[in-house]
Amino acid sequence: MLVASASNLKTCSEFDTLRVVLRAFLCAAFCISVGCGPTNSTSKTSNVTDGDGKDSSIENAEADAETFGPDQILNVGRTRGWKVAEQIAAQTLIRSPDDVGILVASAEVKQRLGKKDEMAMLLVDATCADQFVNETLVLQAVAGLMANGQLFESIELLEDVVKNHPDRNETRRWLFDCLVNSEQISLATPHGRRLIRDRHFDSVLLFSMGQNEQRDREVESLTILSRRNPSDARLTIGMARLALDRGEFDESGKLLQKILEQHPTFSSAWCLEAERLFLAGKHEILLDWLQNVPANVKRDEWKFWATVGNVALKNDQPASAARAYWESIQRNDAVGKIHAKLARSLQLIANQHEWVDPELLEDLTLRAELLEQLVQVKDRFYRSEMKSPEIATSIANLLAQLGRNWEAEAWLANAIRESNGQAKAAVELRAKIVAKLRSDLPWQIEPDSFTKLNSHVLASLPELSIESLLGEIEPTSPAPITVAGEEAKQGASEYRLIDESESCGLVATSNDPIQLPNGVIPIYSQLGSGGASLDYDLDGWPDIFVAGSSEMIDSKKPRLSESDFFRNEAGQLRRIRLQSNLLNRGFPQGTVTGDLNADGFVDLVQLNYGVDQVFLNNGDGTFSEASSWFDQNDLAWSTSGAIADLNADGISDMIVLRYCEPDAPLRERCRRPDGAIDYCAPTHYNADIDQFFRGRPTGGLETANKHWDIRPTNPGRGLGLIVGQLDETPSIDVFVANDMTSNHFWSRSMLDNSKFAESGTLCGLALDWRSRPQASMGIAAADFDGDHDLDFYVTNFEKEHNTLYLQQNPGIWSDQTRSAGLYESSFESLGFGTIAIDLDNDTSDEVMICNGHVHHDSPSGYEQHPHLWTQIKRGFQFVPRPELSNYFQKKHVGRSVWKLDINRDSNTDLVITHQGESPKLLCNRTKEASENHSLKLRLVGTESARDAIGSVVLVTHGSQSSTRWLLAGDGYMASCDKVLSFGLGTIADDARIDVSITWPDGTTQSIQARPDRELLVVQNQTTAFVLDETSNSE
């Protein structure tokens, strides 16, 4: 009987890993095991055995085959052997090819002989002959096909069944599951919508709806099916996409080539190959590829149009890009990154079309942010084993905001059912949504601006032709790209960063993390702590503050932390923490410096897991604790911060990043299946909202989130921070690197200049090139490609790669990590602090990265090597560790890094903090740095706040020029001495240098300078003051 086949399906261990496809397998097995015998047969069923059970007519099988019915065929198999039964069945089928019973019996015979492929096809023939009436028989056929790995044949059969019997929800559900697992999400979605409206859903179906990204969970299912059916290359589509996600373009291309050789019109492979060619920079091949696209791909696939849009945008054709992205959304309106790219493209042509207004752009951006947040919250739901009614309610709330009320109600109904009616919040929200439902309510309610958008696109944006894209496209591949300082860089410098901590007197205490008895480091002790360089006594020598560790978190009676403060006395550091009264308490995280009260002296704010502390500089070598400077200063998990004039009123304001809501990490513990305490992922805890503070004219900081409309659509777990004029608009912007949530970019609202708007998705900084949020930590900021705008390098978790965001249009960045050749080198490391520095004073920046894991038992190692990459002619490369120093050859658990010139030799030095190791001072002993010239500038604002954060300086000497930005935040839990250092290369000692300063309020000021000087420039004063003068010729 086919029961044996069913039993195999139920007991095969391989199937334990299948999540969604397995459901169809097990249902089929169950139906067969309880009896799915042939029905509606018109064959003869007379008994042809004698009393001894022997077949009386076997010798004349061919002659008498017409007398055999299904039961007799099977009886022959049991008594005379299945080979004989196979011959009889074959003869019988010749005479009765459409007899359902004979077909099923013949399939049983094939199964007994181990001929599974033939068995499956006979079952398919049987259900077709039955015109799909018997649903159990359909299930038998699907089970037979899936046992052979014939996923796509199963889909074809189920599509025929659903077409002929549209009311069969169970069959439609099998089809939905198969389409999801074959990565044909667009084809699955209409079936999912029908099932939801017909009240035929569960957590798995709801989770799979709209899962256009992050399909990793289905790859293993496809891999199993591929092993069962290696002849069907389509089953490798998941592996091809996974290889593409990892940046393995060649491997992905090989898999896709095999698929398309077998199945030239397979849409998923076509679209993935187009994406691969674009990302690999093979643009000529890509354009030819797009010109030959099959009609079904162009008609149906959103990914095809998305790639066309990417090509158009890369080719500086924003109008064509907007039309392509709009076409993509017409085919799938659930992909956040496409809405964001449409908004970016429209923003670039806003001056040409009156209908592209701020309201439309904000609606598109909000839709993109909500969709991206939906993906992230769904991921949290998946991690909860799809059993959390609280997260399900959050998903429903997002869906309601998106106008998808039918889907939102389904999530709530399922959450209520799963919780036996105990999910109170779900019950309340469902009641509100049900009140809106009516039979004619569309699946998704669109904003009015979207309705207008459709008509304007059709009327104003021309239809696309691939021929119009046949221009030169800016490279996105490992093809060389121009980098800053190319003209000056003639050969590779011999970089040397030497650990001189002991000789200089940096002897701070080791920062040891808290460890539980089993070695697990709780999440609040994984991030380390930072510090700062600041000239607190205005003697021209930068001093060093190191935020140390603490044994515990106690918000009521915080203990004195093991921090330290060192005065720089002509290059030698002397501990003065007690004398200076810089006695910070609590559990230290980041350190912030700036002139809070505009008295000309640098103040310091120590951020804590607990209560933050303000220390005002008295100007006499001491500080006064003034934590009442904050109007609200309750228990919180603060990480990084910055002091800057955010609202352009001339008074210093402040932003403080917040990680998780502070109570849960102290109270909750994650556990392994055996009950032992384990690490908690950041997504286990709710993200907290960053706090913006407005400086008061009378002194102090007041909470400004409500006043400035700081309401992120998707709250982040803030770690990295850069504040300054980050795009071409003269105003302060804020870039926040978030851990496992979308990054944020805050700037003045286009609708109301007194408020801020978050536009990370619109700007291209929220996600990586795969449109996925990363576990982002630190930020390095500089002009990495020599085009005089600001770029970012963001560190991330291992297996994610650090990300290079290049600003390719004003205010629009894109992930160019792969094209810069920086992808693979960071893939196995976990990056924290990072900073851009010109180590050899040649005008181009290097980037230092601190690496180290958060888990003491990580397979990749808790301690990891630090990295340094440099810019060479038309490219980037990592500097070999042995060439740098012993520090780089050893492994560390690196955390924060900041820069200074400890000995005032015009060479940039570094301070690095660690876990389980004392901080290190790395002195720059690069030979070329001393041979090349440099210029330093200190800026003082008068119209703007005194620190002048947000100023942009252009330095020109001869045919060369470079731009630097006066920034705050400084990456990860650190603050740098606020001096701008320009490497000048090998110019003449008496060369004239033109300096142009754009102040935060947009006013400009020009001065002239000579090499190897440190100048103090005051806003609106025509003369610069020389603070230090050296000569490299001496």
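1. Helix α8 is mostly covered, with 11 of its 13 residues buried; buried means under 20% relative accessible area, exposed over 50% and partly exposed in between, using a 1.4 Å probe and protein chains only. Among the buried residues of α8 are Leu137, Gln140, Gly144 and Met146.

2. A word on the basis: this is a predicted model, where local features need pLDDT of at least 70, side-chain atom pairs count only at pLDDT 80 or more, and totals for chains, interfaces and linings use all residues. Residues are numbered from 1 along each chain as its sequence is written, and side-chain values use heavy atoms, leaving out hydrogens and water.

3. Helix α8 covers residues 135-147 and reaches 18 Å from first C-alpha to last, close to the 18 Å expected at 1.5 Å a residue; the expected span is 1.5 Å times one less than the number of residues. Helices (H or I, at least four residues) and strands (E, at least two) are DSSP runs, numbered from the N terminus.

4. Now for the ends of α8. At its start, a side-chain oxygen of Asn134 comes to within 3.0 Å of the backbone nitrogen of Thr136. Just after α8, Gly149 has a positive phi of about 75°.

5. Elsewhere, His853 sits in the loop between β25 (846-851) and β26 (867-872). Why does His853 count as buried? Because its relative accessibility is 2%.

6. Leaving aside neighbours within four places in sequence, His853 is in contact (heavy atoms within 4.5 Å) with residues including Phe797, Leu830, Tyr862 and Arg895.

Technical notes:
A polar contact is a pair of N or O atoms within 3.5 Å; within protein, one must be able to donate a hydrogen and the other to accept it, and residues adjacent in sequence count only if both atoms are side-chain atoms.
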